[in-house]
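Visitor: Could you walk me through reading salt bridges and buried parts in a model like this one?
Guide: Gladly, let's start with the picture.

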Amino acid sequence: MTSTSRRWVLASTPNGEPKTSDFEMASVVLPPLREGGIIVRNTFISVDPGVLDRLTRDSYAPQLRPGEVVDGFTVGVVTASQNPRFEVGDRVTCGNGWRESYVSSGRGVMKLHPKVFGPPISERAAIGALGVSGLTAYFGVRGVAQARSGETVLVSSAAGAVGSTAIQVARNLGCRVVGIAGSEDKARLVVEDLGAEACIDYRKEPDLSAAIARTCPDGVDVFFDNVGGKTLDAALLNMSQGGRVAISGQVSEYSRVQPRGIRAVGEFINRRITMTGFVVWDFLPQFREAMAEMRGWMVSGQLVFREEIIDGFENAPAAFVGLFRGENRGRRLIRLASGD
């Protein structure tokens, strides 16, 4: 029996902020299942702002070209298997993009163990708090910035998928945590739901650097940055001596034809600042240990992971574009028609 699957591919390289017309849905015939292979039907896919960097240029991975499947992380169920590692009905996660179904040798596909991804933890956590976005926050705060109890930690895009987790990781380490977000509603969420001491609504502040100075009068020891540009400069002007900056993302720069870059470079000398860029795969050998600690926080209520679930595979491009308009509140996921 011949099976088909829909997938979203890049139609044209975005010029500036992405548009839904930059994406095109394509139907393909799945190849026949061979020995060692599996077929997976996806139930959830992620939309991630960092993907825009790959759509427009070479970054930590080669640039995507028109016709290639758009990046995204998935949760799905095995519907057929000729691989002894997988049984029909197994729940799995993978990072092979916006697809309804796929055939795989099993390479890069991780089975979701029910002891980890069982009640009260949803399997969606595999592409959320216990997946790339959550682990990026964890390792950025703990491993890269080495935040310590009593320090002041500032987090940009604090209501987003990575930032919201970074806020809570720093808080759980005993830090004084301050967020930066893009609306009163988001700022309220960061304080009331995530436990930050304060959150700056940058859209209301004519001088973000001055706002950070008011909120962090003793300086910023750690800046966890997801935004770049003017936000990064404003933070650099308020760093403590020996402050550390962990660069997780640069969402303000991804859609710029000419990146703005950093202007306050002199502060690295004046304040003895260190800044480190990273990707989560740098810490792959430590994933299991980190997931165990974060799961414990989730079960105890010390880590709340906010999801925004949008129904319908056809809505993936619009959901992605909305990330750059500040529409999202937490991790944005697409639930396919077969999702639960």
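Visitor: Is R91 buried, partly exposed or exposed?
Guide: Buried means under 20% relative accessible area, exposed over 50%, and partly exposed in between (1.4 Å probe, protein chains only). R91 has a relative accessible area of 30%, so R91 is partly exposed. Bear in mind that this is a predicted model, where local features need pLDDT of at least 70, side-chain atom pairs count only at pLDDT 80 or more, and totals for chains, interfaces and linings use all residues. Residues are numbered from 1 along each chain as its sequence is written, and side-chain values use heavy atoms, leaving out hydrogens and water.

Visitor: Which residue does R91 meet in a salt bridge?
Guide: A salt bridge is a side-chain nitrogen of Lys or Arg within 4 Å of a carboxyl oxygen of Asp or Glu. R91 pairs with E123 at 3.3 Å, N to O. These partners lie 32 residues apart and link distant parts of the chain. E123 is buried, at 13% relative accessibility.

Visitor: How many salt bridges are there by this rule?
Guide: The count is 22. One of them joins R57 to D53 at 3.0 Å, N to O; R57 is partly exposed at 27%, while D53 is buried at 15%.

Visitor: Why is helix α10 described as largely enclosed?
Guide: Helices are DSSP runs (H or I, at least four residues), as strands are (E, at least two), numbered from the N terminus. Seven of the eight residues of α10 (residues 316–323) are buried, so the rest of the structure largely encloses this helix. Among those buried are F320 and L323.
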